[in-house]
Amino acid sequence: MPPCAGSTLLSSGYQQNLQDSTVSNMVTIDVGGQLFQTTKQTLSQAGSKSLFSKLVNSYGSIPFVDRDPELFSILLSLLRTGNLPSRAKAFDIQDLIFESQFYGVEQLLINSQSNPSQFDPFNLEKSMVLPLNGRDSPASISTTQFGSVHVAHGSKVSSFDWALQRKSTILTQFSAIDSLLALSSNIVAAGATDFSGLQILDVDKGFVTQTLNWENVTRSGSTVQAIGSSDEYLFTSFESGRRNSNCIMVYDLRDDFRPVTEIGHYEIFGAELDSAIPATKLRWIPGHNLLMSAGSHSGPSGVSGTIKFWDLRSGNAVWEVKEKVDCFSDVTISDSMSAMFKVGVHSGEVFYADFRNIDAENPWVCLGDERKSLNKKKEGVGCKIESHGNQVFCSKGSSIELWSEVLIGSAKEGEDRIFRKNSMGRANDTSANKITHMSFGGNKMFVTRKDQQFVEVWQNSVTRF
C-alpha cells in the first residue's frame, strides 16, 4: 500500500464529517415566502426566550414565519454582527422596534443603537429636536445608558424612550423642579429648592412611588439641592427649610430606598459661612469608591466654594479644597482620566486636577489663560462642564469647547498632562441661545438652551436614522 493511501482516506473522512457537521448546524427559515439560511449559533445570539430560539429547535419541515422578509433580514444581520447594516436606514426605526419586539430581540436593537463606542465627539451633528409641552424651558435633564432621556421643565417631567420616538409628560406637585436624576427608563428622582422632600416618580404610570425626607433638628422640612447615584446608592443633598443645616443622605437603591447613612451633616452657627454652603453637585467616582460633593456661594467678598471627596464607609471627607481666587462655576469628574475638571467663575477657563496630585497646595492646572483668574469679570458665570468617556465638554455661551488629552506616554507624577482644545464639527452655533445643560446617553449628546422649549439631540451621522 502506498505510504500516503491511509492519509488520503483519513482526509476524505475528515472532510465528510466536517460537511455533515456544517449541514447539521444549518437552519433554513421561510419568512413571508423568502428562504433564509443561517446557523444555530447565530440564532442563539437572540437568547433563550426569543422566537429565534424556537426556530433553532424546530425539526422536520422548514419553519414558516408570516412576517416581512426585508425586516427579518435586518434583524438577522443584527444577530450576525451585533450592529445594524447600513441598509437599515431605509426603514423607519419604529418598524424595526415593532419587529424586534415580535422576535424578542428588542434589547439587542437597543444595545446596537446605544453603544457608547459609536460616540464620536469630533463628528457630531444636530439630528433632531425633542419638543416640550408648555412654555417652561428645561431646568434639568437626565439620561440613561441606553439613550432614553427625562427632562424637567416647570412642574412637568417629559420622558422620551431610547429611540426618541415615544414621549410622555406628567405633572408633579412641584411648582418648579430644580433637580432630576434618571434611575431607570421609567423611574426618576426629582426635587426642588422650594419644596420639601425628594420624590421618586414612576413616569410611565404618572404617580409618586415614595417621598424621601431628611429629619433635621429644626423639623422645618428639607429641600433638595442636588441628586447623584452609584450602582448601589442614591445620594441626596438636603438643606433645612430655615437654611441653617444641611447634609447628604445615602439611600440603598437595592432595598427600596432604605436610608443607609448621612454624611456631611452641618449645623450653622453665627458667621460660619463655609458650613452654610450645601452641596449643589454630587458625582460618584467608581474607580476610587468616593463621592464628590461641591457647593459655592456668592457673597460681599466674592464667590467661594468647597469641593470634598467622601468615603462612605467612614463617613469622613478624605480630601477637601476651598475655592476663593477663581472659584468653580461648575465642576465635574472623569474617572477614566483620573482627574477633576472645573470652569473658573471669573476666568471662564477650564482647569484640571490630577488625582495623583490632588493633595498639592493648589492642585489646579489651567488649560487656558491663567491670567484671567485674577480679573473680576465673571466670564464663567453660567458655563457648564461635563465629561464623557475620555473627553471634556465645556459650554461657553451658545458654543461648546471640547478638550482631549494628548497621549505622549505615561506622565510622571508631578508633571503636567497635555490637553488640547478641539473642534466639534457642526455642534457649535454662535447664533443660538446660551447653553444651559449638557447630558450624554448611549451615543447621543443632549443640549438645552435658555428660553427654548425643546431639547437638541446631537449624534454622528453614521449612527442616526
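The model is a predicted one, and its chain contains six helices and 31 strands. Of the 465 residues in the chain, 49% are buried. Among contacts in the chain with a separation of 6 or more, 49% are between residues 24 or more positions apart. The chain has an accessible surface of about 22600 Å², and carbon and sulfur atoms contribute 48% of that surface.

**Helix α4**

- Helix α4 covers residues 69-81, and its 13 residues should span 18 Å at 1.5 Å a residue, which agrees with the 18 Å that separates its end C-alpha atoms.
- Because ten of the 13 residues of α4 are buried, the helix is largely enclosed by the rest of the structure.
- The buried residues of α4 are P69, L71, F72, S73, I74, L75, L76, S77, L78 and L79, and the elements against which they pack are the strands β1 (26-31) and β2 (34-39) together with the helices α2 (40-44), α3 (51-56), α5 (93-103) and α6 (106-113).
- Just after α4 comes G82, whose phi is positive, at about 85°.

- Strand β9 pairs with strand β10 (residues 187-192) in the antiparallel sense, and four bridges link the two strands.
- Within this pair, A182 has V188 of β10 as its bridge partner, and the hairpin that joins β9 to β10 runs through four residues.

**The sheet from β21 to β24**

- Four strands form an open sheet in the order β21-β22-β23-β24, with antiparallel pairing.
- The edge strands of this sheet are β21 (328-334) and β24 (365-366), each of which pairs on one side only.
- Strands β22 (residues 339-344) and β23 (residues 350-354) pair in the antiparallel sense over five bridges, and in this pair A339 stands opposite D354 in β23.
- Strands of a sheet pair through backbone hydrogen bonds, either parallel or antiparallel.

**Loop residue S155**

- S155 is located in the loop that lies between β6 (149-153) and β7 (156-160).
- Although S155 is a loop residue, S155 counts as buried because its relative accessibility is 16%, which falls under the 20% cut-off for a buried residue.
- When its neighbours within four places in sequence are left aside, S155 is in contact with I170, L171, T172, F174, S175, A176 and I177.

**Cysteines**

- The structure contains zero disulfides.
- C383 takes part in no disulfide, and the nearest cysteine sulfur, which belongs to C394, is 5.3 Å away, whereas a disulfide requires a pair of cysteine sulfur atoms within 2.5 Å.
- C383 is buried, as its relative accessible area is 4%, and C366 likewise counts as buried, at 14% relative accessibility.

Technical notes
Residues are numbered from 1 along each chain as its sequence is written. This is a predicted model: local features need pLDDT of at least 70, side-chain atom pairs count only at pLDDT 80 or more; totals for chains, interfaces and linings use all residues. Side-chain values use heavy atoms; hydrogens and water are left out. Two strands pair if DSSP finds at least two bridges between them. Buried means under 20% relative accessible area, exposed over 50%, partly exposed in between (1.4 Å probe, protein chains only). Contact means heavy atoms within 4.5 Å. The expected span of a helix is 1.5 Å times one less than its number of residues. Accessible areas come from the Shrake-Rupley method with a 1.4 Å probe; for residues, only the protein chains shown count as cover.
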